[in-house]
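Welcome! Please take a look at the sequence and the 3D structure below, and then we can walk through some of the details together.

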Amino acid sequence: GRIDAHEKPGTGNGEDLRQALDETLAGTTVTTPVNKAFGCSVKWGWKDEWNKEVEKQWNDKPVAISKINKKEVTELVKNKSDKLRLINVWATWCAPCVAEYPSLIQTQRMYGQRDFEFISISADKPENENKALAFLKEKHSPIKNFLFEGKDNYELVEALDPEWNGALPYTLLVEPGGKIVYRYQGPVDMLELKRAIVDHPMIGRYY
């Protein structure tokens, strides 16, 4: 059961647990040996089957990739949506990109039911679109996936973020209105990225 009546992290008082311990140490009967606990029932065994169904639903979602031009990339970063937007630029020939991509998908699965979305942009050559799509299907990436259609990758760099020097992977976290609240060149520290997400007032550390 619960240890106290406080649901919000950081406000716990432990009054239920403290009372039970005090009564046990005093050799008296514990007044309330079991307390009800409100919240998600993640601890129950039946959720194993439910998790399998959720996994199947995710893997069954269609995966597609669309072309995106310089102007559209700029609009993407302006983020006229009502969601906190994570943008990652990757390529199939970039080993660090390939290694970190599943963790980014997992991040979408963690926060996707909230005001959050993950969008990927492939820097593969337009003629390698099928290769990029095959990778996305292998990694089960049923999100908004784009492939930059321009021949000059430096146009992609300038359109996405002038502070980016061009090395891959590159990751941005953009709030509605286009303010970049997190940017990182190279493989991200996933714990640091998650902190940036949950510390943003649009998401928060509890839900």
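## The nonpolar core

Which residues of the largest nonpolar core touch the most other members? The model you are looking at is a predicted one. Its largest nonpolar core has 49 residues, and those that touch the most other members are Val89, Phe116, Ile121 and Leu160.

## A buried tryptophan

Now find Trp90, which sits in strand β2, residues 84–90. Is Trp90 buried or exposed? With a relative accessible area of 0%, Trp90 is buried, because buried means under 20%.

Setting aside neighbours within four places in sequence, its partners include Cys97, Tyr101, Phe135, Leu136 and Leu168. Asp124 is also among the residues in contact with Trp90. Along the chain, Trp90 and Asp124 are 34 residues apart, and their C-alpha atoms are separated by 8.0 Å.

## Two helices side by side

Two packed helices are described by the angle between their axes and the distance between the axes. The crossing of the two helices is right-handed.

Which residues make the contact? From α4 come Ser103, Leu104, Thr107, Met110 and Tyr111, while α7 supplies Met190, Leu193, Lys194, Ile197 and Val198. Sorted by type, the residues of this contact between α4 and α7 are 7 nonpolar, 2 polar and 1 charged.

## Backbone details in the loops

Most residues other than glycine have a negative phi, and most peptide bonds are trans.

Asn79, in the loop between α3 (70–78) and β2, has a positive phi near 45° without being a glycine. His140, in the loop between α5 (129–138) and β4 (144–148), also is not a glycine and has a positive phi of about 55°. Asn79 is buried at 0% relative accessibility, whereas His140 is partly exposed, with a relative accessible area of 33%.

Finally, look at the peptide bond from Leu168 to Pro169: this bond is cis, with omega near -5°. Pro169 lies in the loop between α6 (153–160) and β5 (170–174).

Conventions:
Residues numbered from 1 in each chain as written. Predicted model: local features only at pLDDT ≥ 70, side-chain atom pairs only at ≥ 80, totals over all residues. Heavy atoms only, no water. Left-handed = near helix turned anticlockwise from the far one by under 90°. Helix = DSSP H or I, 4+ residues; strand = E, 2+ residues; numbered from the N terminus. Contact = heavy atoms within 4.5 Å. Nonpolar A, V, L, I, M, F, W, Y, C, P; charged D, E, K, R; others polar. Core = buried A, V, L, I, M, F, W, Y, C linked by side-chain atoms within 4.5 Å. Buried < 20%, exposed > 50% of the residue type's maximum accessible area, 1.4 Å probe, protein only.
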